[in-house]
Amino acid sequence: SERPFSAELYGGILGDQPGIIELSAACPPPPSLVTRVLAETPGAALAHDVTGAGYMPAGLPELRERIAEHVSLGGLPTRPDEVIVTTGAQQAIGLAATLLGEAGQSVLVEEATYPGTLDVTRGLGMRPVGVALDGEGIVPEALEDLLDRVRPSFVYLVPAHQNPTGSVLSAARSRRVAELSARYRVPVVEDHALRDLSLERTRLPAPIAAHAPDGSSITIGSVSKVLWAGLRVGWIRAARPVIERLMRVKIGADMGSPIPSQRLTCSLLPRIGEALEERQAFLAQGYAALSASLSEHLPDWTWEPPRGGCTLWVRMPGGDARALGQVAQRCGVNVVPGQVLSAEGR
């Protein structure tokens, strides 16, 4: 059933609340690169694109080129005509779900997942179904079982620095997921908004789509986590026929994403390495502080060290996470109880 808007989940993005320590929103502040580039950008550079009607449903051509280069460096060869610019990854999820699914159908998600996807799919009248996770991401045997029994319209996964567990889907599992997608003819929508936020120095496996030559899979990305969510710039990478269909959905959604943000992102993407170094140091410092405090004050609580991302998925030794969240809020701290991130509310 459709669930109401959750203050537990979205309180952190609705503005500062006096006296509240906010631990519920994975929205890092902008790195210094963003403010420096914005301050250095002459008005004439932004005015260059102020022409014509101002609608570019597929996105600024130069930005599509930059995104294609960025995605290609991540192990998925991409051409500019295989990219559509979106208003953040959240819109990208909505466009993909609108294209691939419809009311009454099911969608498979990890058993603990990005809650924005649960909101989007439920809002379309779809039923999200959770697939088992372990320390290496989604369990292929569990995925195969549900593909066979549920026959979903698509599968949504966060394979790199999974939200909320921080796990990374191995190369072997990525290939297996691609094989299952092809066999059951069910597309995979993989969300890489967190892909670059590594707490390790190891190279990540190639995206699932790199093992899917049939071209049915969709890959989502965003600059929100590395650069700044306020830019509202994301993208979808897919085969050209899929991009053309998505463009029609995008026109119906908002006619095209804001051009000034896209122009600024064109200047930022080639220098994203600078921002990434600062962001990774920021997250490593935060994880060190949080894990040390938990170990000192709550020694019975446990977690698997995340390989990356913005969240820590912690097991309580007993009790109920939602009740804890209510107590924490009365003490001036917002946290997200695990049930909010579960398709089944577990």
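How many cavities of 30 Å³ or more does the structure hold?

Reply: This is a predicted model. The structure holds two cavities of 30 Å³ or more.

Start with the largest cavity. Its volume is about 60 Å³. The lining runs through several stretches of the chain. Pro159 and Ala160 belong to it, as do Val168, Leu169 and Ser174. Glu190, His192 and Arg195 line it too. Pro205, Ala206, Pro207 and Ile208 complete the lining. By class, eight of these residues are nonpolar, two are polar and two are charged.

The second largest cavity holds about 40 Å³ of space. Its lining consists of Glu110, Gly137, Ile138, Val158, Pro159, Gln162, Ser167, Val168 and Leu169. Five of them count as nonpolar, three as polar and one as charged.

Now the pocket. The second largest pocket has a volume of about 650 Å³. Its lining counts 30 residues. Nearest its centre lie Leu73, Gly74, Arg195, Asp196 and Leu204. Three elements each supply at least two residues to the pocket lining: helix H4 (61-73), strand S9 (218-222) and helix H11 (272-297). S9 gives the most, with four residues. The pocket lining divides into 13 nonpolar, 11 polar and six charged residues.

S9 leads on to the sheet. This is an open sheet of seven strands with mixed pairing. The order is S2-S10-S9-S8-S7-S3-S4, which places S9 between S10 and S8. The edge strands are S2 (83-86) and S4 (127-131), and each pairs on one side only. Neighbouring strands are turned against each other by 25° on average, direction ignored.

S2 and strand S10 (residues 234-237) run antiparallel, joined by four bridges. Within this pair, Ile84 stands opposite Ile236 in S10.

A helix covers part of the sheet's other end of the order. Helix H7 (residues 140-150) packs on the sheet and touches strand S3 (106-110), S4 and strand S7 (154-157). The direction of H7 makes about 150° with that of S4.

Two backbone details deserve a look. In general, most residues other than glycine have a negative phi, and most peptide bonds are trans. The peptide bond between Asn163 and Pro164 is cis, with omega about 20°. Pro164 sits in the loop between S7 and helix H8 (171-184). Arg185 is placed in the loop between H8 and strand S8 (188-191).

Last, a helix with a feature at each end. Asp320 caps the N-terminal end of helix H12 (residues 321-330). A side-chain oxygen of Asp320 lies 3.0 Å from the backbone nitrogen of Arg322. After H12 comes Gly332, with a positive phi near 95°.

How values were computed:
Residues numbered from 1 in each chain as written. Predicted model: local features only at pLDDT ≥ 70, side-chain atom pairs only at ≥ 80, totals over all residues. Heavy atoms only, no water. Polar contact = N/O pair within 3.5 Å; in protein donor to acceptor, adjacent residues only side chain to side chain. 1 Å grid on protein atoms, 1.4 Å probe; cavity = no way out; pocket = protein on both sides within 12 Å on 5 of 7 lines; lining within 4 Å. Points joined across faces, edges and corners; volume = space filled by probe spheres on them. Nonpolar A, V, L, I, M, F, W, Y, C, P; charged D, E, K, R; others polar. Pairing = 2+ DSSP bridges. Axes fitted to C-alpha atoms, helices over the stretch in contact; angles between N-to-C directions. Contact = heavy atoms within 4.5 Å.
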